[in-house]
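Trainee: I'd like a close look at one part of this model, please: the core and the elements that line it. Take me through it in one go, and give me the cut-offs as you use them.

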Amino acid sequence: MKFRLAFILALALILPACSETASTPEVPLPAYVLAIDRFDESTGMWMVALATESNDEKELRALVENTRTLAKDKKEEVNSVSVTIIKPDGRIPSTVTAFGRIALTSKGMEQTGLSSTSDMVFEYKNAPAASPEQPLLHQLKKQLSDLCDSICNIVY
């Protein structure tokens, strides 16, 4: 009798733990850098830009969702978060790969248009992983150099 009771108790403790880990596989966060960090104290809106090389939609969605945790860890009270995910490609303006909005309070729900603080808006842009074109600054330098060469050829 005691053995059955101990066995049932063990199953009751083990099975719920197994089902939690098996049913929710987590997507790993890609490496990222916080490129822009602006907080408006009057509205409680936090605007961030995260730079990452990742182009995987699931990883980018997880990165936007992770800002919910980052916002809760801030010392200021954050009502909503607006997230822009960019490529660190040196372009001006940067290549945008995704946008997201998260509400943390009822005021944040008004700001974002979300109906719940557990909801999230996510828009994936599917930007190319690597662009064969050079960044804008390098293109301008090349054009300027070509123009100077042309002027020198005309003068001499």
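A word on the ground rules. This is a predicted model, in which local features need pLDDT of at least 70 and side-chain atom pairs count only at pLDDT 80 or more, while totals for chains, interfaces and linings use all residues. Residues are numbered from 1 along each chain as its sequence is written, and side-chain values use heavy atoms, with hydrogens and water left out.

The pLDDT, the predictor's confidence in each residue from 0 to 100, averages 78 over the protein chain, and 65% of the residues score at least 70. Over residues 18–24 the pLDDT is below 50, and that stretch has zero contacts in the model beyond near neighbours in sequence; a contact here is heavy atoms within 4.5 Å. Residues 130–134 also stay under 50, with five contacts beyond four places in sequence.

Now to the part you asked about. A nonpolar core is a set of buried Ala, Val, Leu, Ile, Met, Phe, Trp, Tyr and Cys residues joined through side-chain atoms within 4.5 Å. Buried means under 20% relative accessible area and exposed means over 50%, with partly exposed in between, using a 1.4 Å probe and protein chains only. In soluble globular proteins, nonpolar side chains tend to be buried together. The largest core has 15 residues, and Val81, Val83 and Ile85 touch the most other members. Two or more residues each come from β2 (45–51), α2 (57–73), β3 (80–86) and β4 (96–103), with α2 giving the largest share, four residues.

Leaving aside neighbours within four places in sequence, Val83 contacts Val48, Leu50, Val64, Thr67, Ala98, Phe99 and Gly100. The strand that carries it, β3, is mostly covered, as five of its seven residues are buried. On one side, β3 pairs with β2 in the parallel sense over seven bridges, where strands count as paired if DSSP finds at least two bridges between them. Within that pairing, Leu50 stands opposite Ile85 in β3. β3 also pairs with β4, this time in the antiparallel sense and again over seven bridges, and there Val83 stands opposite Gly100 in β4.

A salt bridge is a side-chain nitrogen of Lys or Arg within 4 Å of a carboxyl oxygen of Asp or Glu, and the whole structure has four of them. In one, the side chains of Glu65 and Arg68 meet at 2.6 Å, N to O. Both lie in α2, three residues apart, about one turn of the helix. Glu65 is partly exposed at 31% relative accessible area, whereas Arg68 is buried at 9%.

Two further salt bridges complete the tour. Lys74 and Glu76 meet at 3.6 Å, N to O; Lys74 is partly exposed at 21%, and Glu76 is partly exposed at 25%. Glu123 and Lys125 have their closest N and O atoms 2.9 Å apart, and they are partly exposed at 40% for Glu123 and 38% for Lys125.

For the whole chain, 25% of the 156 residues count as buried. Of the contacts with a separation of 6 or more, 58% are between residues 24 or more positions apart.
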